[in-house]
Amino acid sequence: MIAYGPVPSRRLGRSLGINNIPPKVCSYSCVYCQLGRTNKGQVDRSIFYDPQKVLKDVRDKVQEVRHGGESIDYLTFVSDGEPTLDINLGYEIEMLRPVSYTHLRAHETSSSISYAVFCLKYGGGGGGGGG
């Protein structure tokens with residue numbers, strides 16, 4: 001499941017989650033992680049899902065939520081691991097900007113925060129067909 005929710009957030013209101021990498025692929029293995037131990041420790045950015053599939057799943061979920069009369073305040077990349085390991089993150093953000101009348105956010109560990117901030121502020125960031 002790539003798109004899920006929306007889930008309530010004290011800070012963000014109603015957030016639609018985007019799970020852009022497989023479970024537990026992360027640059028850390030934190031003992032306090034709510035998802036348990038890291039299955040695959042990784043620091044190099046890679047391709048995980050086709051960006052068009054991410055876009056389609058998010059579009060479909062947004063449409064489903066809105067048809068149900070619910071609201072979405074944020075689209076949040078908050079994977080079952082480290083979302084910024086996705087080499088296509090910048091491209092996915094750029095593709096999702098027109099889909100969302102809300103805010104986009106990437107929840108990341110400190111290992112890749114500068115990349116996440118760059119993608120959210122400027123878009124692109126390499127990879128995929130985005131740039």
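Which elements of the chain have the lowest and the highest mean pLDDT? Helix 3 (residues 113-122) has the lowest, at 48, and helix 1 the highest, at 94; pLDDT is the predictor's confidence in each residue, on a scale from 0 to 100. The structure is a predicted model, in which local features need pLDDT of at least 70 and side-chain atom pairs count only at pLDDT 80 or more, while totals for chains, interfaces and linings use all residues. Residues are numbered from 1 along each chain as its sequence is written, and side-chain values use heavy atoms, with hydrogens and water left out.

Over the chain, the mean pLDDT is 78, and 76% of the residues reach 70 or more. In residues 121-131 pLDDT stays under 50, and the model has 24 contacts beyond four places in sequence for this stretch. A contact here means heavy atoms within 4.5 Å.

The chain contains 3 helices and 6 strands. Helices (H or I, at least four residues) and strands (E, at least two) are DSSP runs, numbered from the N terminus. Read from that end, the elements follow the order β-β-β-β-α-β-α-β-α. Among contacts between residues at least 6 apart in sequence, 72% join residues at least 24 apart. The chain has 131 residues, of which 43% count as buried. Buried means under 20% relative accessible area, exposed over 50%, and partly exposed in between, with a 1.4 Å probe and protein chains only. The accessible surface of the chain comes to about 7200 Å², and 53% of this surface belongs to carbon and sulfur atoms. Accessible areas come from the Shrake-Rupley method with a 1.4 Å probe; for residues, only the protein chains shown count as cover.

Strand 1 and strand 2 run antiparallel and are joined by 5 bridges; two strands pair if DSSP finds at least two bridges between them. A hairpin of 3 residues links these two strands, and Ser 9 stands opposite Gly 13 in strand 2. In the loop between strand 2 and strand 3 (25-26) lies Lys 24. Phi of Lys 24 is near 60°, a positive value in a residue other than glycine. Most residues other than glycine have a negative phi, and most peptide bonds are trans. Lys 24 counts as buried because its relative accessibility is 7%.

The largest nonpolar core has 18 residues, of which Leu 16, Ile 18, Val 58, Val 62, Leu 75 and Leu 96 touch the most other members. Strand 2 (13-18), helix 1 (51-67), strand 5 (74-77) and helix 2 each supply at least two residues of this core. Such a core is a set of buried Ala, Val, Leu, Ile, Met, Phe, Trp, Tyr and Cys residues joined through side-chain atoms within 4.5 Å.

Helix 2 (residues 89-96) is mostly covered, with 7 of its 8 residues buried. Among them are Leu 89, Tyr 91, Ile 93 and Met 95. Leu 96 also belongs to helix 2, and this leucine is buried because its relative accessible area is 1%. Between the C-alpha atoms of Leu 96 and Arg 59 the distance is 8.3 Å, although the two residues are 37 apart in sequence.

Charged side chains complete the picture. The structure holds 5 salt bridges, each a side-chain nitrogen of Lys or Arg within 4 Å of a carboxyl oxygen of Asp or Glu. Side chains of opposite charge can pair when their charged atoms come close. One of the salt bridges joins Asp 57 and Lys 53 at 3.1 Å, N to O. Both residues lie in helix 1, 4 residues apart, about one turn of the helix. Is Asp 57 buried or exposed? Asp 57 is buried, since its relative accessible area is 19%, whereas Lys 53 is partly exposed at 44%.

A further salt bridge connects Asp 60 with Lys 56, whose closest N and O atoms are 2.6 Å apart. This pair also lies in helix 1, 4 residues apart. Asp 60 is partly exposed at 36% relative accessibility, and Lys 56 is partly exposed at 49%. Lys 61 counts as buried, at 17% relative accessibility.
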